[in-house]
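The following exercises concern the structure shown below.

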Amino acid sequence: MTVPTPPQPPLVDVRNAEMAEAWNGAEGADWAVHADRYDAASAAFDPALADGARIAAADRVLDVGCGAGISTRAAARAASAGHATGIDLSAPLLAEARRRSAAAGLGNTTFVQGDAQVHPFEPGAHDVVVSRFGAMFFGDPVAGFANLARALRPGGRLAVLSWQALARNEWLLTIRGALAAGRPLPEPPGNAPGPFGLADPDHVRRVLAAAGFESVDLAGIPGTVRLGADPEDAFGFVSGLGLIRGLLGGLDDDARRAALDDLRDRLAAHATPDGVRLGASAWLTTARRVP
Ligand SMILES: C[S@@+](CC[C@H](N)C(=O)[O-])C[C@H]1O[C@@H](n2cnc3c(N)ncnc32)[C@H](O)[C@@H]1O
């Protein structure tokens, strides 16, 4: 009698294990439930990614850290005679991505659970690698981007969105300002896995050159982040973010209430006829795999 092989867990580099746990756990579950809100929050940057990726009809596209797959579906529509593959660490987000792609009738998408830093991609099997804020988390960025370079054909293109430094992102400064509640908050570590992992242009250039890319260009993309339809809606969304839970830690009940009231007021100050919008700045990094 043959014993069926149990499904193998995806390969995850030890340096990304904590990230995998977070995105497979509470953080990923929250993103999956609120996928529309997260999609809308950073929608202002989608046209820049499309411009940078220049996807042609027959292209085979790899979307890194695809989450619920909004950029994978955009890539699949552009690559109408090609294919788009999304890779992500998060099972709940991939389930949402598959559901949304099926609902959209996109037959040319595949979603894979894995760590893009070490996933055994078929060498040279992609024409374009894109990422919508999903490539900033590699524990070893040179290894991660070298793995993406291997997945690209020689001369293949890379187009990646990432956040610029905290000081250029009013939305995060505003949230942190309220929740600091008078405490000095530590600056996010530079060049470390996280939202600001690709914020420093010199670091990005060094990483990509070492990983086998050339013609590296970083274009600053100014925009806004839309946090909700109105202040109450924005407050409901923002107060559920993982980031908030971390910032509220260490405050007693009164200080916590005061900080959340302050956050509510600060969000209300940014209400516009088109929702609660705060300033944001991203980098669009484009490069080519060395032929
Ligand atoms: C900020 S979210 C962005 C998700 C999506 N691209 C979007 O725009 O909504 C970052 C995503 O990157 C994924 N991620 C982080 N590190 C990863 C890795 N090493 N390999 C694959 N995915 C990763 C997370 O699971 C998460 O879904």
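**Surface and overall form**

The accessible surface of the protein (Shrake-Rupley method, 1.4 Å probe; for residues, only the protein chains shown count as cover) comes to about 13,000 Å², and 57% of this area belongs to carbon and sulfur atoms. The model is predicted: local features need pLDDT of at least 70, side-chain atom pairs count only at pLDDT 80 or more, and totals for chains, interfaces and linings use all residues. Residues are numbered from 1 along each chain as its sequence is written, and side-chain values use heavy atoms, with hydrogens and water left out.

**Exercise 1.** Determine whether the radius of gyration agrees with that of a compact globule.

*Solution.* Step one is the rule: 2.2 Å times the number of residues to the power 0.38, with the radius taken over C-alpha atoms. Step two applies the rule: for 291 residues it gives a value near 19 Å, and the protein has 19 Å, so the two agree.

**Exercise 2.** Describe how helix H7 is placed in the protein.

*Solution.* Helices (H or I, at least four residues) and strands (E, at least two) are DSSP runs, numbered from the N terminus. The protein has twelve helices and eight strands. Buried means under 20% relative accessible area, exposed over 50%, and partly exposed in between (1.4 Å probe, protein chains only). In H7 (residues 141-151), eight of the eleven residues are buried, including Phe145, Asn147 and Leu148. These buried residues of H7 pack against several elements, among them strand E4 (126-132), strand E5 (152-163) and helix H9 (201-211). For the whole protein, 49% of the 291 residues count as buried.

**Exercise 3.** Is Asp36 buried or exposed, and is Asp59 buried or exposed?

*Solution.* First, Asp36 belongs to helix H3 (residues 35-41). Its relative accessible area is 53%, so Asp36 is exposed. Next, Asp59 lies in the loop between helix H4 (46-53) and strand E1. Its relative accessibility is 9%, and therefore Asp59 counts as buried.

**Exercise 4.** Which residues does Asp59 touch, leaving out those up to four places away in sequence?

*Solution.* A contact means heavy atoms within 4.5 Å. By this criterion Asp59 touches Arg54, Ala79, Gly82, His83, Asp127, Val128 and Arg157. With Arg157, the side chain of Asp59 also makes a polar contact between side chains, at 3.3 Å. A polar contact is a pair of N or O atoms within 3.5 Å; within protein, one must be able to donate a hydrogen and the other to accept it, and residues adjacent in sequence count only if both atoms are side-chain atoms.
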